Amino acid sequence: MALDSVDIVLVEDNPDDASLTIRALRKNGINNSLIHLKDGEEAIDFIFCRGHYSQRVFGILPRLIVLDLKMPKVDGIEVLKQVKSDARTCRIPVVLLTSSNQEQDILKSYQLGVNSYIVKPVEFELFVKTVAGMGLYWLMMNQLPY
Amino acid sequence: MKPINILLVEDNPGDVLLAQIAFEKSRFDVNVQVATDGEEALEFLYKKGKFAGTNTPDLILLDLNLPAKSGSEVLADLKSDERLKVIPVIILTTSQAEWDIIQCYKLHANCFVNKPFGFDSFDAVVTCIEDFWFNIVRLPAN
Amino acid sequence: MDPVSNHNVKILILEHEPDDIELLQYQLKKGGLHYSSEVVQERTGYEQALRDFKPDIVLSDYVLPEFDGAAAFYLKKEIAPDTPFIIVSGTIGDENAVELIKAGVTDYVLKDKLFTVVPKIDRALKENWEHREKKEQEEKLANYARELERSNKELEEFAYLASHDLQEPLRMVGSFLQLLQQRYQDKLDEQANEYIYYAVEGAARMKRLINDLLNYSRTNREWLIEQVDIAATVRDALQNLAASVRESGAIIHFENMPVLAGDPGQILQLFQNLIGNAIKFRKKDETPVINISARKHNASWLFAVEDNGIGIHQQYSEKIFVIFKKLHGNEKYEGTGIGLAIAKKIVERHGGKIWFESSPGKGTTFYFTLNPPINETDQHPSC
């Protein structure tokens, strides 16, 4: 897969959740190119073309970032903060997909400009439905900036 | 479950009526309030004058093409207010201009949706918005 | 029109020797020239005559008591830059002559060959006239071009604004007609329902036209430069065309697509229009196969979109790129006839060209080039 053009960036440290998310998207016909990154540090390197991803071309922005909140090293809030405060990247929609339903996390995320905050349902089928709904809403219904 | 408050900022009475008809059929308990221009929308949100005592909306549907204060100006104003910025704003417009889309995202619009042609499509869009924002998304508590 | 013989030539003579003046006048008359002249001998009179007498040509001695022919020439250049200037002198050397001609003096006449003065005047006036004609033509043409560009721009601006503003009321018409149709169907008779049906159809078609017009005028209004991954763009185009790809069973090949600088939205539209056309104008009894290829050609990229469809007669080669021009009726192939006009505009906007080769009944290949623009500033609004 060409690293320069990735539609969806999925940042998730739990491999089970990640593969479930990807499966749910694919099952619903969302076949956009996707990269799975395992923590916030990798996400920042990828989005801003640094470190391991310094060879990437910055010009092509991902269309959607799906972000977990609680992650080792750099957490989701920090990634959100950096993406939304940089003029070059602040137009990329960021969706939080997290198991945290704590009011302070929700409020903080909306304050930092998250585009939507989604709590991962515990129940398997509901999880699949939620991810599918998220994917369809953001990639079909919504007008995304290039 | 308490009702969901929506503020619809829309100057075209036809569009207001279409939205009301579509929300009437909602499976959610929705309370739609209307501001017909940008100034009124801000007065509503700041609960000024005749809007004293109104509920803070859970979601804002914002048209871009408004008389006097435009939709993007309203967006910029409320997204720079610490208290109001957490309310998700859905841009609901006929504009498909790339420029508008990018500018709205840069001003921290939560999403950008086109008003479709025909009532059925409009109805479908409203249902889709409801399903996503009221069912899938966690909105911040007021 | 003969510029010389048909009108009275006004000659300004700068000469201080009375004998030379007389000889010159004699030669002018002898040469059969219709002319009137004014003779001046020094700088002030010369300057004034240039302004007031407005000569068609200046004949000047080279050696003058107060100033010389060269100075007289430069003075003329300032006051009457387009007027031919001939030096009449007995003493001018070859070197000086070359120098003066280089500086812009029209010609020179030696006093011992004064008989050449009339032919030389004739030639100078003729050349001058031709030069002025040409310059006027060029100016006129440039003016036309400027005017055309301005009115085109205005027209486009108008089309954009009009179509944008037309959307709103039309959406109202369409939406409420549809509501009427759904909610009052039982209360109306069949004829009323038929009327509503045609009104809904009309509104829907107008909506498509407006949309296309907007897309068309948008190509000039908006301009983003980003790195565009063509492979991903083609995939996006196919996703947007998913319904017709599925329905037609079209097979689309593309490989080795480059990444280049351009407007991502416009390039997507370009591929979408060309692939969409290739599918739309397929043969009824054959699976559509579309091959997309690219190769580097100097600084630009040459793309080819090849199909096995119904083909286009070469006689339509220009027409198909014209806005709202359709070769087929609405019943046969749906559409507003704007897709290729937009494609052409996008390609031209990217410094390229678009053309096609086709054999009717066998298929069509559209070729286009894209020149990645250099140093165009990205015009995103700031955060």
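Glu348(C) is partly exposed, with a relative accessible area of 46%; buried means under 20% relative accessible area, exposed over 50%, and partly exposed in between (1.4 Å probe, protein chains only). This is a predicted model, in which local features need pLDDT of at least 70, side-chain atom pairs count only at pLDDT 80 or more, and totals for chains, interfaces and linings use all residues. Residues are numbered from 1 along each chain as its sequence is written, chains are lettered from A and ligands numbered from 1 in the order in which they are written, and side-chain values use heavy atoms, with hydrogens and water left out.

**Salt bridges within chain C**

- Glu348(C) forms a salt bridge with Lys344(C), with 3.5 Å between the closest N and O atoms; the term denotes a side-chain nitrogen of Lys or Arg within 4 Å of a carboxyl oxygen of Asp or Glu.
- Because Glu348(C) and Lys344(C) lie four residues apart in helix H10 (residues 339-349) of chain C, about one helical turn separates them. Helices (H or I, at least four residues) and strands (E, at least two) are DSSP runs, numbered from the N terminus.
- Lys344(C) is also partly exposed, at 26% relative accessibility.
- Asp20(C) and Lys111(C) meet through their side chains in a salt bridge of 2.7 Å, N to O. This pair links distant parts of the chain, 91 residues apart: Asp20(C) is in helix H1 (residues 18-30) of chain C, and Lys111(C) is in the loop between strand S5 (107-110) and H5 of chain C.
- Lys111(C), partly exposed with a relative accessible area of 24%, also forms a salt bridge with Asp61(C), the closest N and O atoms being 3.4 Å apart. This pair too links distant parts of the chain, 50 residues apart, with Asp61(C) in strand S3 (residues 57-61) of chain C.
- Asp61(C) is buried, at 5% relative accessibility.

**Salt bridges in the whole structure**

- Over all chains, the search finds 32 salt bridges.
- A network of salt bridges links Glu10(B), Asp15(B), Asp63(B) and Lys115(B) with Glu168(C) and Arg171(C).
- Side chains of opposite charge can pair when their charged atoms come close.

**Surface patches on chain C**

- Glu133(C), Glu136(C), Glu138(C) and Glu139(C) form a negative surface patch. Patches are made of residues with over 30% relative accessible area and no salt bridge, like charges being joined within 9 Å and nonpolar side chains (Val, Leu, Ile, Met, Phe, Trp, Tyr) within 5 Å.
- Glu133(C) lies in helix H5 (residues 117-184) of chain C and is partly exposed, with a relative accessible area of 33%.
- A nonpolar surface patch comprises Leu180(C), Tyr184(C) and Leu188(C), with about 250 Å² of accessible area together; accessible areas come from the Shrake-Rupley method with a 1.4 Å probe.
- Leu180(C) belongs to helix H5 of chain C and is partly exposed, at 35% relative accessibility.

**Chain B: organisation and confidence**

- Chain B contains five helices and five strands, in the order β-α-β-α-β-α-β-α-β-α from the N terminus.
- Of its 142 residues, 63% count as buried.
- Chain B has a mean pLDDT (the predictor's confidence in each residue, from 0 to 100) of 92, and 99% of its residues reach 70 or more.
- Within chain B, confidence is lowest in helix H4 (residues 98-106), at a mean of 89, and highest in strand S3 (residues 59-62), at 97.

Key:
Lys, Arg positive; Asp, Glu negative; His and termini not counted. Charge placed at Lys NZ, Arg CZ, Asp CG, Glu CD.
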